[in-house]
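Q: I would like to learn how to read the features of a protein structure, one at a time. Could we go through this one together, with the general idea before each case?

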Protein chains: 2
Amino acid sequence: MNDTFYMRLALEEAWKYQLLTYPNPTVGATVLHKGRIVAVEAHQKAGTSHAEVLALLAAYETMTNESVDFDKFDALKAHDFLLSLPAGFFAEYSLYVTLEPCAHEGKTPSCASLLSRLKPKEVIFGIDDPVEGHGGGIERLRQAGIAVRRGVLEEACRVLIEPFLIAQKRTFVLFKLAQTLNGKIGGGVISGKASHRHTHRLRAVCDRLLIGGNTVREDRPRLDCRYIDAPPPDIYIYSKRTTWDKTIPLFGIEGREVNIGDSLAFLERPGFVLVEGGEGMLHALHDRIDWTLHYLSPKLSSNQISYNIDTQTQFLHHASCGEDVMLWSRWLGHRKTGR
Amino acid sequence: MNDTFYMRLALEEAWKYQLLTYPNPTVGATVLHKGRIVAVEAHQKAGTSHAEVLALLAAYETMTNESVDFDKFDALKAHDFLLSLPAGFFAEYSLYVTLEPCAHEGKTPSCASLLSRLKPKEVIFGIDDPVEGHGGGIERLRQAGIAVRRGVLEEACRVLIEPFLIAQKRTFVLFKLAQTLNGKIGGGVISGKASHRHTHRLRAVCDRLLIGGNTVREDRPRLDCRYIDAPPPDIYIYSKRTTWDKTIPLFGIEGREVNIGDSLAFLERPGFVLVEGGEGMLHALHDRIDWTLHYLSPKLSSNQISYNIDTQTQFLHHASCGEDVMLWSRWLGHRKTGR
């Protein structure tokens, strides 16, 4: 077992929260104590404790067999608690983290300054913090006498935060599709409850949900986040049509903005747009999709419709999602500059 | 980190060799030394060292930083080597194994008797050896003073050896399909090199390859194992037709038997049959498929054909296979007795 093995555990955990951390990057961390894995955690939601902090708290709980009595996701409380531990508590610990610990004080205190005070034996990370003005974590750690290594599974760690990096320059476009194992979409519910909940979590963090006019008319969707009890996303209906049946449920949801039009110019702005639709939207966005997320349901079906489009993709990650399988892919229908 | 975590590592490793160990069961093992993971291994091929043996050898290499100088897959040499280590060498080791260590002396010596002499601190396994006359491993270990726990991830460990269990009573039928992400099959090469190699490895261990007559006529395949330099499988062409174009390459491969007919009675016999074909064969075998293996290729395509059939499946495992993703599913188009 080596650096790669421990970093892979951190990556696998982080992928569970891919894009759910938006506008933050997705980050995972593994903690070892004298070679024994004592924690594998990931950042889960912007504004809450970072992966390193959650992992150190979990390591504390594993080693002491005690549970902390505060909300672990409250970053300020978590930092205070870790800093209140006896000096040298983490002296025999190694921390693997997919991204360089942040040197930037944002909604939460800086992890690099926290670590420089906790002084774990070593910190191993995948990629340098690529955000301008956010670097410098590595120097802080080294100044504190912590052994630091970088570049473990660098490419996989970079892919993990690709949505975050793109979203800072222009809109990151995720096209979500639910299909049967033999590629049928539409005509009734396809995916399972866990996939529906996951979609609602993505809707809750995206800047906007983009949907095709046909899908709106045919499916008459609500497009809310009711399964996770979160506010609904704003909607952009991609259509030339100007008159709409306002009894379609999505129009009746409180607290959302609905825009309708056939311009995709807003995708030039930084942000994260989730797209739901079928073949028509895939073609309309052929040159603009960044990633796809396929929920594959465990059935083969003959009476639902296929979809046709030609493009190469690249599989990035696969995971179970209840009875379904989630497949994250990079869309290679186009090659964008500035990647 | 707990029993489940370590057993899951063993399961994940074992799935890499699913059915490639035929006629042996697929088995994985994880070794810890004082809480540190020092080996994760799996049984790879019938007649070679079992998972426990490979894992203990790897643990030895990790801990001593030395490599053994013999063929690890030679079970006799491996057992002899492990028995030659100083008494008590493994006293601080924990062994996780998906299946109860065998008490049966077959092509290789019994793992239970080996372990009862090596005396690791504890052995934790998933399921009891279900083969009549093969049990008793647990008693041997306990008599030797080894702490034994059983039943960790029992259901997942049972699924792992389902093909092995079925193949002892009647033919285990694996239907293999290569498709694009949007479910298109046929009309040119779909999957990548790693998937082709994997298929050839399955062909090399199956008792027979079953293929539809249409596929033979349209694709004119060789159906050999050239990518892994192994002997070709025997073939059964499912067809009513009696005259065949013998220039179709599969007929010209040395060292194989080719049978043609429209009876599937041979599937009642114990064994493992790999099926390759399209929609027609899926329908013909609708009530007889046990599992499917889908190779998903990272592309969406419009000019290849869809396939239609109605059935529920259950996803069992997903893994990368080069640029493709492999999806193992249980076919629920029927319910067989005797599972």
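Q: Which residues does Ser320(A) touch, not counting residues up to four places away in sequence?
A: Contact here means heavy atoms within 4.5 Å. By that rule Ser320(A) touches Val325(A) and His318(B), when residues up to four places away in sequence are not counted. The side chains of Ser320(A) and His318(B) are also joined by a polar contact of 3.1 Å, a term for a pair of N or O atoms within 3.5 Å, where within protein one must be able to donate a hydrogen and the other to accept it, and where residues adjacent in sequence count only if both atoms are side-chain atoms. Ser320(A) has its place in strand β13 (residues 311-321) of chain A, where strands (E, at least two residues) and helices (H or I, at least four) are DSSP runs numbered from the N terminus.

Q: What should I know about the model and its numbering before going on?
A: This is a predicted model, in which local features need pLDDT of at least 70 and side-chain atom pairs count only at pLDDT 80 or more, while totals for chains, interfaces and linings use all residues. Residues are numbered from 1 along each chain as its sequence is written, chains are lettered from A and ligands numbered from 1 in the order in which they are written, and side-chain values use heavy atoms, with hydrogens and water left out. Where pLDDT is low, the predicted coordinates should not be read in detail. For chain A the mean pLDDT, the predictor's confidence in each residue from 0 to 100, is 94, and 98% of its residues reach 70 or more. The model scores ipTM 0.94 and pTM 0.95.

Q: What area is buried between chain B and chain A?
A: The size of an interface is often given as the accessible area lost when the parts come together. Between chain B and chain A the buried area (accessible area, with a 1.4 Å probe, lost on being put together and summed over both parts) is about 3,400 Å², and carbon and sulfur atoms give 60% of it. Leu181(B), Leu300(B) and Phe315(B) supply 20% of the area that chain B buries against chain A, more than any other three residues. The contact takes 43 residues from each of chain B and chain A.

Q: Which strand of chain A is joined to β13(B)?
A: Strands of a sheet pair through backbone hydrogen bonds, either parallel or antiparallel. Two strands pair if DSSP finds at least two bridges between them, and two bridges join strand β12 (residues 299-300) of chain A to β13(B), the two running antiparallel. Gln312(B) is the bridge partner of Lys299(A) in β13(B).

Q: Is the peptide bond that joins Tyr22(A) and Pro23(A) cis or trans?
A: Most residues other than glycine have a negative phi, and most peptide bonds are trans. The bond joining Tyr22(A) and Pro23(A) is cis, with omega about 5 degrees, and Pro23(A) lies in the loop between α1 (3-15) and β1 (28-33) of chain A.

Note on methods:
Buried area = accessible area lost by both parts, 1.4 Å probe.
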